[in-house]
Amino acid sequence: MESFYTSDVLVIGGGLAGERAAIEAAASGLKATILSLVPPRRSHSCAAQGGMQAALGNCVKAAGDNANWHFLDTVRGSDWGADQEVARMFAEEAQVAVREMAYWGVPWTRLTPGKNSYFIKGQRVEIDEPEEKAGMIMHRDFGGTAKWRACYASAGTGHSVLYAVDSEVSRLGIEVRDRMEALSLIYEGDRCWGVVARCLRTGKLTAFLARATVIATGGYGRIYGKYTTNATINEGTGAMLALNTGSVPLGNMEAIQFHPTGLWPSGILITEGCRGDGGYLVDKDNIRFVAELEPEKQELASRDVVSRHMMQRVKDGKGAPSKFGPHIWLDLRHLGEAHLKTKLREIWEICRDFAGIDPVKEMIPVRPFQHYSMGGVRVNKDGQAYNMRGLFAAGEAACWDMHGFNRLGGNSLAETVVAGRIVGQRVAQFVDSETLDVGTALAETFVKEQEARIADWMGRKSGGASVYDIRDALGETMIDKVGIFRKEQELQEAVEEIRGYLQQIKTIGLRNSAAGVNPELTFALRLEGMLKLALIAAKGALARKESRGAHSRVDYPQRDDKNWLKRTLARWPLGASEPELSYEPVGLLDLPPGERGYGHATRIPLEQDIEDYNKSVDAAQKAAGRNDTVEPQGSQIKWGAWQQADGKAASS
Amino acid sequence: MAENTNKARTLKFDIFRYNPAEPEKAPFMQRFEIEEAPYMSLFLALNQIREEQDSSLQFDFVCRSAVCGSCGMMVNGRPALGCQTLTADLPDTIALHPLPTFGLIGDLSVDTGRWFRGMVERVNGWIVRQDEFDRTALEAPMDDKIAEKIYEADRCIECGCCVAGCGVANVRPDFLGATGLNRIARFMMDPRDERAQESWFEVVSDAEGVFGCIGMMACDDVCPKDLPLLEVYSYIRRKAVASIFSDGKDNPAKL
């Protein structure tokens with residue numbers, strides 16, 4: 001049995017962010033090793049459908065687009081919860097990243113010059129695309145953006161980008177250990193040295209030692225049980241690794257996105273590109289209610305706003321009835337067969353395979369489902385986790401934090417490759433000046449800890465609830481009480497219920513004792529962590545007495561910039577029975593807090609002068625435990641540049 | 001569909017069982033019975049069996065929406081994606097086996113990951129080009145019809161159904177299978193790839209490549225993504241022959 005393995009850079013997670021970071025390390029001559037729960041091409045990145053945001057400005061409806069616009073839309077989308085330094089860095093680099101993907105072979109949909117027919121705000125519009133842009137990367141409209149910006153490959157964008165990036169991983173000969181699950185970090189004090197991982201082929205444990213470790217494991221949507229668009233593997237395994245150190249905080253775990261259009265009732269994602277390309281949301285009376293409520297953006301307001309309108313409609317008794325409960329209709333019929341079978345081909349297939357309907361002729365039953373985790377391992381702008389040298393995070397697993405309290409559609413796919421690229425470079429720089437200075441005795445301590453955990457589960461008597469029963473109960477608690485609309489009493493109940501589940505799992509056992517990988521044991525080892533993440537999300541939501549982005553408190557409907565222009569940090573001290581919450585400023589403010597341009601929320605303004613606020617940011621972050629072990633990139637903000645995006649809309 | 005019948009059926013699943021960590025137990029078929037539910041897929045059925053009847057049962061699902069390619073399995077003798085297969089389309093008795101041609105991990109779980117990484121390395125399944133990426137340059141233009149054509153081939157989700165259903169792959173482990181040849185075709189038609197026709201000829205023209213195919217075309221029948229594998233074979237064969245006479249790429253948009 002192999003018990004120790006060493007590498008320069010260890011990447012946990014074989015999706016887009018992890019693979020892109022590993023490429024950066026390998027390209028600078030380092031040995032990178034990727035551990036992945038599944039073969040990398042099966043990662044959840046492959047399920048991203050409609051597009052990747054990058055302000056190339058190629059088609060007529062994207063004319064004049066640039067990083068300033070992308071920055072503005074991202075910060076407004078975040079409801080000012082984002083770190084604006086990161087949002088700026090991201091917007092600048094996204095254009096490079098999408099072109100790099102073209103260089104690696106992504107078959108981006110390209111611009112066809114001459115007359116093109118589009119659906120815009122309910123009207124068929126013909127636009128002459130100019131000859132000089134022929135063959136450049138095409139854009140489609142997405143929610144919450146001022147310009148058409150999403151670059152796409154039909155509705156299989158994530159698949160094509162993941163295959164291109166994994167091809168590059170193969171070309172560089174980067175080793176990928178698939179079916180390998182990290183169970184614990186190996187660390188000494190505030191220095192991380194790798195992970196203990198369990199092989200999902202054999203059940204055996206191995207210590208992977210490295211000079212730097214990158215968590216890129218995606219989100220934690222499965223704490224919502226079946227009420228999520230996420231893959232079965234999105235169980236927050238990376239966040240747990242960080243949390244279980246006791247010192248590394250998670251950021252904004254209550255910031256959880258619901259996607260307006262999950263296929264009802266299975267929750268399979270139906271891309272925002274459907275609405276971007278002109279699809280309608282209608283109620284049981286065939287009324288385009290979202291277009292009425294949002295005259296400016298119509299169906300393309302941000303996801304948090306559209307999801308709330310839809311669920312309110314259902315609550316008002318206007319949902320279309322079905323045996324699984326009421327839903328909203330997504331109507332794509334007017335887009336025509338040719339469009340649906342080419343530019344939205346995957347949607348046409350999903351409807352056929354999973355709902356038995358033909359969207360050319362029939363409307364699609366949809367409802368909002370949990371979709372994205374804005375929260376995650378809190379990192380600084382170099383991707384470095386707080387309080388733990390040598391530990392980095394990127395992609396959905398991280399709270400970097402360019403999404404704040406609401407992510408714009410198409411910004412996550414872009415984040416994976418942008419963050420992978422930037423954080424990968426920082427990791428390579430960090431590793432350059434570090435030697436692998438760790439004894440096997442330390443690793444063995446952590447291996448023994450995991451062996452004991454496994455032996456404990458295998459040795460317990462079964463009976464009562466199963467691990468799956470508790471998972472299902474957690475899902476119901478989360479969707480009912482920590483969902484789209486939140487309020488004090490329900491959140492308090494959720495906290496109590498999750499505390500109950502945490503007690504309950506100590507009393508239950510497995511129902512089989514099979515040797516080897518044992519799928520029930522595999523899940524049992526994740527369950528406690530899922531419950532902890534859920535408790536942090538619920539407590540964070542209970543404490544945050546305002547409404548911001550996807551966090552919507554019906555008892556505190558205003559966005560409160562006076563008291564809550566803050567990021568939640570959650571640690572779980574070793575041996576404690578409860579997490580500890582603390583707060584830090586959202587970061588430097590370039591774009592002053594203002595109106596988003598959709599959603600009609602009122603707000604309590606920031607009392608402080610922006611300059612005073614900005615002066616306090618650095619000091620406060622340091623006091624909260626920011627750990628600049630890597631030479632920071634320095635402020636990336638181009639102060640005031642957003643004002644040049646477009647006089648009128650930019651200052652509104 | 002099941003919802004139209006008056007009474008729910010009792011489904012009988014006969015599932016192949018073998019756990020390599022318990023080699024003393026010979027492989028066997030185990031029967032499970034569950035009540036059919038509306039729109040029940042094998043994803044839902046197998047999870048229900050695992051959670052209610054036998055929690056040691058091994059199988060793989062990730063996306064449960066037919067895009068990740070994890071859940072290929074033999075369903076009544078035919079390769080298919082479990083998540084995409086509805087019980088309503090199956091008889092009362094359903095036999096499930098792991099995909100052949102791949103290493104067995106346990107029960108219905110097979111090691112497609114290593115097979116596909118090996119295939120990608122064998123065919124150099126990436127864009128081969130001499131220039132370095134220039135971060136200051138605009139993207140090189142491409143006709144959208146060519147992009148669509150590449151995308152059509154790029155849609156393969158590497159589930160392994162075409163390999164498992166292939167008469168040649170079942171007796172010749174090195175055969176690239178339809179998925180391997182499709183991957184080659186994808187790069188052959190990509191104008192960004194600078195490989196000369198002859199270099200493809202070396203990979204595809206032996207018995208492990210396109211001329212190993214004996215034309216049963218089960219791959220085309222079982223592909224869950226409806227990839228045009230018949231066209232792929234004829235395209236590569238045509239190119240292999242043409243490469244004897246010419247070294248230029250033709251226009252893939254005309255295919």
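1. A:S78 is buried, with a relative accessible area of 0%, in what is a predicted model. This serine sits in the loop that connects α2 (67–77) and α3 (84–104) of chain A, and its side chain reaches the backbone oxygen of A:V75 at 2.7 Å. When neighbours within four places in sequence are left aside, A:S78 is in contact with A:H403, A:G404, A:F405 and A:N406.

2. Chain A holds an open sheet of five strands with mixed pairing, in the order β19-β17-β12-β21-β22. Its edge strands are β19 (398–399) and β22 (580–585) of chain A, each of which pairs on one side only. Helix α15 (residues 519–543) of chain A packs on this sheet, where it touches β12, β21 and β22 of chain A, and the helix direction makes about 60 degrees with that of β22(A).

3. Within the sheet, strand β12 (residues 250–251) and strand β21 (residues 566–571) of chain A run antiparallel and are joined by two bridges. For A:G251, the bridge partner in β21(A) is A:L569. As background, strands of a sheet pair through backbone hydrogen bonds, either parallel or antiparallel.

4. A:R567 forms a salt bridge with A:D401, with the closest N and O atoms 2.8 Å apart. Because A:R567 lies in strand β21 of chain A while A:D401 lies in the loop between β19 and α11 (411–432) of chain A, the pair ties together parts that are 166 residues apart in sequence. Both A:R567 and A:D401 are buried.

5. A second salt bridge to inspect is that of A:R499 with A:E578, in which the closest N and O atoms are 2.6 Å apart. Here A:R499 belongs to helix α14 (residues 488–504) of chain A and A:E578 to the loop between β21 and β22 of chain A, so the pair ties together parts that are 79 residues apart in sequence. A:R499 counts as partly exposed at 27% relative accessibility, and A:E578 likewise counts as partly exposed, at 22%.

6. The side chains of A:R177 and A:E175 also meet in a salt bridge, at 2.7 Å from N to O. With a relative accessible area of 18%, A:R177 is buried, since the limit for that class is under 20%, whereas A:E175 counts as partly exposed at 30% relative accessibility.

7. Over all chains, the count of salt bridges comes to 86. One network of salt bridges links A:D79, A:E254, A:D304, A:R308, A:R544, A:E546, A:R548, A:R559, A:D561 and A:R596.

Note on methods: Residues are numbered from 1 along each chain as its sequence is written. Chains are lettered from A and ligands numbered from 1 in the order in which they are written. This is a predicted model: local features need pLDDT of at least 70, side-chain atom pairs count only at pLDDT 80 or more; totals for chains, interfaces and linings use all residues. Side-chain values use heavy atoms; hydrogens and water are left out. Helices (H or I, at least four residues) and strands (E, at least two) are DSSP runs, numbered from the N terminus. Buried means under 20% relative accessible area, exposed over 50%, partly exposed in between (1.4 Å probe, protein chains only). A polar contact is a pair of N or O atoms within 3.5 Å; within protein, one must be able to donate a hydrogen and the other to accept it, and residues adjacent in sequence count only if both atoms are side-chain atoms. Contact means heavy atoms within 4.5 Å. Two strands pair if DSSP finds at least two bridges between them. Axes are lines fitted to C-alpha atoms, for helices over the stretch in contact, and angles run from 0 to 180 degrees between N-to-C directions. A salt bridge is a side-chain nitrogen of Lys or Arg within 4 Å of a carboxyl oxygen of Asp or Glu.
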